[in-house]
Amino acid sequence: MVVLSGVLIYTQLPERLNLIFYDFAIRLSPQSPEKNTAIIAVDEKSLDALGQWPWRRSTHAKLIDQLSLAKTKAIAFDIIFAEPDLNYPQDDMAFANAIKHNANVFLPLHIHPRSYETTLSEVIPIPELTAAAKDLGHIHVELDIDGIARGFYLKEGLGEAYW
């Protein structure tokens, strides 16, 4: 029994079986996103079209302007803009203006240590973008042992701040 228990713990077999059964149960009652939901992703096709990453913030501003013309209800980024653009500083203000003009842009924050010697802290967008955004929200998604995200935390934060 001890050896069997050790093998089960070492191979993580019970957890893997649980995930297999969970995935099977989810497939029995799939849920579709709203029909008017779109995900605009940074992928190989967009990198080929727009060039290497990171893109200028003026590119993100143009995207928001196009989505504003389409009368989107909300725009949420999962790209952290925690540092000013030193190569094109004017792009930060163009991006902030596009965010403010749309009025429904949500930007992410991430909870992470800023260095190996420090404790956890909230990494938020630069002040111009934070002020222009409708709100901030966390983008931390925990991956299961097989590398698949099956859920996320509804709230996360440090101290009294919960996002």
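Reply: Arginine 150 forms a salt bridge with aspartate 23, and their closest N and O atoms are 2.7 Å apart, where a salt bridge is a side-chain nitrogen of Lys or Arg within 4 Å of a carboxyl oxygen of Asp or Glu. Arginine 150 lies in the segment after β4 (135–138) and aspartate 23 in helix α2 (residues 13–28), so this pair ties together parts that are 127 residues apart in sequence; helices (H or I, at least four residues) and strands (E, at least two) are DSSP runs, numbered from the N terminus. The model is a predicted one, in which local features need pLDDT of at least 70 and side-chain atom pairs count only at pLDDT 80 or more, while totals for chains, interfaces and linings use all residues. Residues are numbered from 1 along each chain as its sequence is written, and side-chain values use heavy atoms, with hydrogens and water left out.

Arginine 150 is buried, with a relative accessible area of 18%, whereas aspartate 23, at 21%, counts as partly exposed; buried means under 20% relative accessible area, exposed over 50%, and partly exposed in between, with a 1.4 Å probe and protein chains only. Arginine 150 also meets the side chain of aspartate 144 in a salt bridge of 2.8 Å, N to O, and aspartate 144 is partly exposed at 25% relative accessibility. Through shared partners, salt bridges join Asp23, Asp144, Asp146 and Arg150 into one network.

Another pair is arginine 56 with aspartate 91, whose closest N and O atoms are 2.8 Å apart. Because arginine 56 lies in the loop between α3 (44–50) and α4 (57–69) and aspartate 91 in helix α5 (residues 89–102), the pair ties together parts that are 35 residues apart in sequence. Aspartate 91 is buried at 3% relative accessibility, while arginine 56, at 32%, is partly exposed. By the same rule, the salt bridges number five.

Arginine 56 also belongs to the surroundings of a pocket: the second largest pocket is lined by 15 residues, of which Pro54, Trp55, Arg56, Arg57 and Asp85 lie nearest its centre. Here a pocket is, on a 1 Å grid over the protein atoms alone, an open set of points where a 1.4 Å probe fits, with protein on both sides within 12 Å along at least five of seven lines, and lining residues have an atom within 4 Å of a point.
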